[in-house]
Amino acid sequence: NEKIYYVKRIIGLPGETVDIVDGKVYINGSDEPLDEPYIREPMIPEEPMHFEVPENCYFMMGDNRNFSADARYWKNPYISKDKLVAKVLFEYFPTPKIIH
């Protein structure tokens with residue numbers, strides 16, 4: 001009965017739509033993709049994906065998108081607010097820095 005905790009970035013907020021097209025993430029049908037300077041490398045394009053985030057839930061993706069077991073592949077891609085357990089405040093590896 002071991003618990004597994006994931007560290008992922010919240011991409012979609014309650015009530016938003018998330019579209020992933022040609023390796024880019026779009027929120028609420030925007031013409032401009034998210035500016036994501038924190039990802040390690042560009043996403044390898046896959047088939048387009050569309051998610052509609054339910055109220056009181058979140059959609060999450062890892063920063064290492066090409067190798068991340070994140071919400072795109074989970075049986076239930078949405079995490080309810082009561083399941084969030086922490087907020088990352090700093091990154092230790094590869095170099096220490098405070099995350100705002």
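Q: What makes Glu46 and Arg72 a salt bridge?
A: Their side chains meet at 3.8 Å, N to O. A salt bridge needs a side-chain nitrogen of Lys or Arg within 4 Å of a carboxyl oxygen of Asp or Glu, so this pair counts. The two partners come from distant parts of the chain, 26 residues apart: Glu46 in the loop between strand 3 and strand 4, Arg72 in the loop between strand 5 and strand 6. Strands here are DSSP E runs of at least two residues, numbered from the N terminus.

Q: What kind of model is behind these values, and how are residues numbered?
A: This is a predicted model, where local features need pLDDT of at least 70, side-chain atom pairs count only at pLDDT 80 or more, and totals for chains, interfaces and linings use all residues. Residues are numbered from 1 along each chain as its sequence is written, and side-chain values use heavy atoms, with hydrogens and water left out.

Q: Why does Glu46 get its accessibility label?
A: Its relative accessible area is 38%, which is why Glu46 goes down as partly exposed.

Q: What makes Glu46, Asp70 and Arg72 a network?
A: Salt bridges link the three.

Q: Which other pair, involving Glu36, passes the salt-bridge rule?
A: That's Glu36 with Arg65, at 2.7 Å, N to O. They sit 29 residues apart, Glu36 in the loop between strand 3 and strand 4 and Arg65 in the loop between strand 5 and strand 6. Both are buried.

Q: Why is Leu84 labelled as it is?
A: At 33% relative accessibility, Leu84 counts as partly exposed. You'll find Leu84 in the loop between strand 6 (78–80) and strand 7 (90–91).

Q: How do you know that the radius of gyration agrees with a compact globule?
A: The radius is taken over C-alpha atoms, and the globule rule is 2.2 Å times the number of residues to the power 0.38. With 100 residues, that rule lands near 13 Å; the chain has 14 Å, so the two agree.

Methods. Helices (H or I, at least four residues) and strands (E, at least two) are DSSP runs, numbered from the N terminus. Buried means under 20% relative accessible area, exposed over 50%, partly exposed in between (1.4 Å probe, protein chains only).
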